[in-house]
Amino acid sequence: MLYKEIRYFSKVTRTYRRANVILPDEYTNKKYYPVMYLLHGIGGDQNEWKAAKPEIICADLVREKKVTETILVLVNARAAKDDRTPENLFSIEHFRAFDAFREDLTECLMPYMEAHFSILKGREYTAIAGLSMGGRESLYIGLTRTELFGYIGAFSPAYGLLPYSNNGVTEEGLLGEQGLRLPKEHEEDTLIMIVHGRDDIVVRDEPVRYHEVLKKHGCKHVFYLMEGGHDFTVWSKGLSLFLCSVFGG
């Protein structure tokens, strides 16, 4: 699979922003492909996911016929005028930049991708996934924009969807318990997958909390509890499991 760096204009930040696009080996504009957007953690950017070698994970699964050819987009989920990693990671201002990525993604990046690459349109061809803070945002974006995303993956998702206090930050929760569910019209045609490392001392049991709320609502989802901590041991495995579950794989 081939890497291509792109720059797109964001109406949200009023700046040009970067992302990395991974194209299938046999990519051609005569064929259309499903797309998956991958979000990084609190201290990362559009390059963090490279550590997992997603191009190799995906290409191997394609060769094994477990996954259809897919375009992967490694984004910068920090939608701020200055989208570099700040010195203070744990601030409301920093978290709000991540939250603002919902509009940056749906109003700016996704239209750019559809205009410049051969992408299948429709929620059944569109996935979002992320690690840690990116997992929080994937659930937030996916659950609030279900008309756009048919597949939602959260690997060690961070605090923020439900009320919490952690690392000196307190938030009421982006969704709250009542919002952490699928709307009725998409209860049967949306995949939600949460992956959590048994030894995670960063997000602790917050992913389990999300799982329990979804279960309480009777919201269909997949929850994996596996060996590992808050690291790419878990996230790489999570990506592999997620890829095998989307787009009819």
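Quick housekeeping. This is a predicted model, where local features need pLDDT of at least 70 and side-chain atom pairs count only at pLDDT 80 or more, while totals for chains, interfaces and linings use all residues. Residues are numbered from 1 along each chain as its sequence is written, and side-chain values use heavy atoms, with hydrogens and water left out.

Back to Asp189, which is found in the loop between H5 and E9. Helices (H or I, at least four residues) and strands (E, at least two) are DSSP runs, numbered from the N terminus. Asp189 is partly exposed, with a relative accessible area of 40%. On that scale, buried means under 20% relative accessible area, exposed over 50%, and partly exposed in between, with a 1.4 Å probe and protein chains only. Not counting residues up to four places away in sequence, Asp189 touches Arg123 and Gly150; contact here is heavy atoms within 4.5 Å. Glu185 sits in the loop between helix H5 (176–179) and strand E9 (191–197), and Glu185 is exposed at 58%.

Now the sheet. In what order do the eight strands of the open sheet run? They go E1-E2-E4-E3-E5-E6-E9-E10, with mixed pairing; two strands pair if DSSP finds at least two bridges between them. E1 and strand E10 (222–226) are at the edges with a single partner strand each, so one side of each has no neighbour in the sheet. On average, neighbouring strands are turned by 20° against each other, direction ignored. Axes are lines fitted to C-alpha atoms, for helices over the stretch in contact, and angles run from 0 to 180 degrees between N-to-C directions.

E1 and strand E2 (residues 15–23) pair in the antiparallel sense over nine bridges, and Lys4 stands opposite Val21 in E2. H3 packs on this sheet, touching E1, E2, strand E3 (35–39), strand E4 (71–74) and strand E5 (126–131), and its direction makes about 115° with that of E1. Then there's helix H4 (residues 133–144), lying across E3, E5, strand E6 (151–155) and E9 and running at about 150° to E5.

On to aromatics. A search of the whole structure turns up nine aromatic pairs. Rings of Phe, Tyr and Trp (its six-membered ring) pair if their centres lie within 6.5 Å; planes under 30 degrees apart count as stacked, over 60 as edge-to-face and the rest as tilted. Tyr8 and Tyr112 have ring centres 6.4 Å apart and planes at 45°, so that pair is tilted. It joins distant parts of the chain, with Tyr8 in strand E1 (residues 2–10) and Tyr112 in helix H3 (residues 101–116), 104 residues apart. Tyr8 is buried, at 1% relative accessibility. Elsewhere, ring pairs link Trp49, Phe155, Phe232, Trp235 and Phe242 into a cluster.

Last stop, Ser156: buried or exposed? Buried, at 0% relative accessibility. Ser156 lies in the loop between E6 and strand E7 (164–166), and its side chain makes a polar contact with the side chain of Trp235 at 2.8 Å. Beyond its neighbours within four places in sequence, Ser156 has contacts including Ser132, Asp200, Gly229 and His230.

How values were computed. Polar contact = N/O pair within 3.5 Å; in protein donor to acceptor, adjacent residues only side chain to side chain.
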